[in-house]
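Trainee: I would like to learn how to read the features of a model like this one, taking them one at a time. Could you give me the general idea before each case?

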Amino acid sequence: MSETGWYGPAIGALLLWGFWGFFPKLATAHLTPSHAIVYETVAAALFGLVVAAFLGFKLETAPLGILWSSLAGLTAVCGALLYLRACSRGPLVPIAIVTGLYPIVTIVLGSIFLGEPLSLRRIAALALAVAAIILVVRE
């Protein structure tokens with residue numbers, strides 16, 4: 001993939017995650033968060049089966065890849081449940097802003113464990129993101 005080949009998938013993820021952040025507010029108007037997460041994970045599992053079918057059900061079996069993928073799924077579902085609970089208890093806009101800044105955690109982990117560089121510009125961006133959380137929470 002080219003150096004810019006990631007733009008399209010990243011924009012697609014941004015749009016889909018934007019809808020993902022919106023739908024739980026609608027869902028929790030009709031279901032408890034615990035019930036909503038069941039339907040959310042069933043839909044995700046069905047999508048996983050569709051992808052597996054496109055792969056001819058010939059899945060890679062690298063143990064560490066399976067471990068990290070499973071941890072990604074587990075943390076995503078646990079985070080989604082907490083997001084649903086937050087949406088059922090408060091206004092969507094500040095909840096979306098605060099939780100939408102999760103890349104702060106990802107960036108710090110990438111820097112610490114993968115050695116990915118944190119330039120002064122990126123550190124400033126992280127500081128502004130933290131400031132955004134403080135401004136939203138104190139409103």
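Mentor: Let us begin with contacts, where a contact means heavy atoms within 4.5 Å. Of the contacts in the chain with a separation of 6 or more, 69% are between residues 24 or more positions apart. Please keep in mind that this is a predicted model, in which local features need pLDDT of at least 70 and side-chain atom pairs count only at pLDDT 80 or more, while totals for chains, interfaces and linings use all residues. Residues are numbered from 1 along each chain as its sequence is written, and side-chain values use heavy atoms, with hydrogens and water left out.

Trainee: How many helices and strands are there in the chain?

Mentor: Both are DSSP runs numbered from the N terminus, a helix being H or I over at least four residues and a strand being E over at least two. Here the chain has six helices and zero strands, which gives the pattern α-α-α-α-α-α along the sequence. Along the principal axes, the C-alpha atoms fill a box of roughly 50 × 45 × 25 Å.

Trainee: What share of the residues in the chain is buried?

Mentor: A residue is buried under 20% relative accessible area, exposed over 50% and partly exposed in between, with a 1.4 Å probe and protein chains only. By that scale, buried residues make up 13% of the 139 residues in the chain.

Trainee: How many aromatic pairs does a search of the whole structure find?

Mentor: Rings of Phe, Tyr and Trp (its six-membered ring) pair if their centres lie within 6.5 Å, and planes under 30 degrees apart count as stacked, over 60 as edge-to-face and the rest as tilted. The search of the whole structure finds five such pairs. In one of them, the rings of Trp-6 and Tyr-7 have centres 4.5 Å apart and planes at 85°, so this pair is edge-to-face. Trp-6 is partly exposed at a relative accessible area of 49%, and Tyr-7 is partly exposed at 44%.

Trainee: Which parts does the pair of Trp-17 and Tyr-102 tie together?

Mentor: Trp-17 and Tyr-102 are edge-to-face, with 6.3 Å from centre to centre and 75° between the planes. Because Trp-17 lies in helix α1 (residues 7-27) and Tyr-102 in the loop between α4 (92-99) and α5 (103-114), the pair ties together parts that are 85 residues apart in sequence. Trp-17 is exposed, with a relative accessible area of 52%, whereas Tyr-102 is partly exposed, at 42%. Elsewhere, ring pairs link Phe-19, Phe-22 and Phe-23 into a cluster.

Trainee: Which residues does Thr-28 touch, not counting residues up to four places away in sequence?

Mentor: With those neighbours left out, Thr-28 touches Pro-33, Leu-84, Cys-87 and Ser-88. Thr-28 is found in the loop between α1 and α2 (33-54), and Thr-28 is buried, with a relative accessible area of 14%.
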